[in-house]
Amino acid sequence: MFSRLTGNENVKLTLRRLIEKSRVPNSLLLTGDEGIGKRQFALELARSFICLDPVDGEACDICAVCRRAGQFTLPKPDDKDGHKRIVFSDHPDVGMVIPYNRNILIDAIRHLESESNYRPYEAASRFFIIDDADKMNGPASNALLKTLEEPPATSYIFLISSRPDSLLPTIRSRCQTLRFAPVSLGEIEKYLIESRAFSHDEARLAARLSRGSIRTAASLNVSELRTRREKMMFVVSNAIEDGGVAALLKIAEDMNDAKDKTAFEANLDVLQSIIHDLWAMTVSGDPTRSINEDFAEQLLLLAANAHSGELQGWMDAIDELRANLRINVNRKIAADALFVSMARV
């Protein structure tokens with residue numbers, strides 16, 4: 001049931017109306033920031049069609065069919081062949097296409113094209129979710145277009161994307177779009193406390209640093225997060241108060257430790273959140289809206305020696321670095337360049 005999902009009440013209302021009027025489009029594009037539940041909404045919509053005991057048109061989330069539809073055995077990240085096909089759940093009419101590294105393989109889209117033309121095995125319809133659909137390259141996008149132009153009546157294709165502008169305009173034009181908003185801090189806090197056994201303090205910190213992403217908040221290790229924030233706070237303090245580059249390059253080296261690859265982008269997120277708080281203070285002088293509210297006093301002192309234009313430049317540089325990561329840029333070189341640009345040498 002949609003009620004068990006956190007946030008985006010307007011989207012829930014829209015989907016309920018579409019279900020009630022039997023007007024769910026065969027091609028649907030779900031857009032919004034990463035980690036706010038788009039894939040779960042798509043899966044819940046599919047369940048509403050195949051559930052054995054629906055409640056007011058929505059899935060019961062109790063029957064065997066509902067449970068099977070949500071059980072996926074995903075291929076290992078280095079299993080390229082496993083990513084060349086649709087990953088079906090334990091229900092044969094619910095499948096998903098997922099990226100291999102940073103690309104959706106054309107073989108997977110061709111498999112979707114083929115499978116979408118088969119009659120359903122158990123349910124009245126078949127459902128295919130394309131996760132991170134913006135990671136399709138040109139050939140894969142063109143292959144999908146063939147299916148979207150003449151969708152089989154019994155097949156539904158749900159595209160998930162946090163960067164819909166990267167999709168071909170012809171793909172976007174053939175899909176009805178549902179736009180998701182970031183989940184509110186209060187909703188994230190409540191979810192973490194009730195469903196993930198976070199303490200109130202842990203939930204508050206994780207929610208404020210999640211940027212409205214419930215997935216990000218739930219995945220945070222609060223102890224590691226506090227250590228990471230202290231390290232990134234040192235970067236900002238050093239850049240503003242000392243301006244030396246040697247200490248910053250040492251941090252960059254730590255960020256690129258081979259044992260800590262998965263933490264690289266998490267460090268960038270924390271760094272950008274601190275810089276954004278500092279920028280907001282230089283503009284408004286108001287510390288009450290800080291994400292890192294427990295650092296407010298220290299940030300106010302730093303704001304006296306910071307310049308909003310310079311801070312904006314740092315945030316832009318982090319955005320550029322993050323975009324370059326999608327094309328497999330060398331992380332060490334990129335981090336070194338970022339921190340050298342921040343140092344006042």
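Residues are numbered from 1 along each chain as its sequence is written, and side-chain values use heavy atoms, with hydrogens and water left out. Because the model is predicted, local features need pLDDT of at least 70 and side-chain atom pairs count only at pLDDT 80 or more, while totals for chains, interfaces and linings use all residues.

Let me begin with the aromatic rings. A pair of aromatic rings is described by the distance of the centres and the angle of the planes. Rings of Phe, Tyr and Trp (its six-membered ring) pair if their centres lie within 6.5 Å; planes under 30 degrees apart count as stacked, over 60 as edge-to-face and the rest as tilted. By this rule the count comes to eight aromatic pairs. In one of them, the ring centres of Phe41 and Phe180 are 5.0 Å apart and the planes stand at 80°, so this pair is edge-to-face.

Where do Phe41 and Phe180 lie? Phe41 belongs to helix H2 (residues 38-50), and Phe180 to the loop between strand E6 (176-179) and helix H7 (185-195), so the pair ties together parts that are 139 residues apart in sequence. Helices (H or I, at least four residues) and strands (E, at least two) are DSSP runs, numbered from the N terminus. Phe41 counts as buried at 1% relative accessibility, and Phe180 also counts as buried, at 7%. Here buried means under 20% relative accessible area, exposed over 50%, and partly exposed in between (1.4 Å probe, protein chains only).

A further pair, Tyr156 with Phe158, is tilted, with 6.5 Å from centre to centre and 50° between the planes. Tyr156 and Phe158 are both buried. Ring pairs also link these two residues with Phe49 and Phe127 into a cluster.

One ring has a charge over it: the charged end of Arg229 sits over the ring of Phe295, 4.5 Å from its centre. The criterion is that NZ of Lys or CZ of Arg is within 6 Å of the ring centre and within 35 degrees of the ring normal.

I turn now to the helices. Two packed helices are described by the angle between their axes and the distance between the axes. Axes are lines fitted to C-alpha atoms, for helices over the stretch in contact, and angles run from 0 to 180 degrees between N-to-C directions. Angles under 35 degrees count as roughly parallel, over 145 as roughly antiparallel, 65 to 115 as roughly perpendicular and the rest as oblique.

How do the axes of H12 and H14 cross? Helix H12 (residues 264-284) and helix H14 (residues 308-325) have axes that come within 9 Å and cross at roughly 160°. That makes H12 roughly antiparallel to H14. Their contact, meaning heavy atoms within 4.5 Å, involves residues including Leu268, Ile275 and Trp279 of H12 and Leu311, Trp314 and Ile318 of H14. The crossing of H12 and H14 is left-handed, a term used if the near helix is turned anticlockwise from the far one by less than a right angle, and right-handed if clockwise.

H12 also packs with H15, at an angle of about 15° and with the axes 12 Å apart. That makes H12 roughly parallel to H15. The contact is made by Phe264, Leu268, Leu271 and Ile275 of H12 together with Arg331, Ala335, Leu338, Phe339 and Met342 of H15. This crossing, too, is left-handed.

Helix H15 (residues 331-342) also holds Asp336. Is Asp336 buried or exposed? Asp336 counts as buried, at 19% relative accessibility. Leaving aside neighbours within four places in sequence, Asp336 is in contact with Leu249 and Ala252.

Finally, the loops. Pro152 lies between helix H5 (138-149) and strand E5 (155-161), and is buried, with a relative accessible area of 15%. Not counting residues up to four places away in sequence, Pro152 touches Asn26, Ser116, Asn117 and Thr147.

Most residues other than glycine have a negative phi. Ser22, however, has a positive phi near 55°; Ser22 is in the loop between helix H1 (9-20) and strand E1 (27-31) and counts as exposed at 68% relative accessibility. Asn101 likewise has a positive phi near 55°. Asn101 is found in the loop between strand E3 (94-97) and helix H4 (106-115), and is exposed, with a relative accessible area of 56%.
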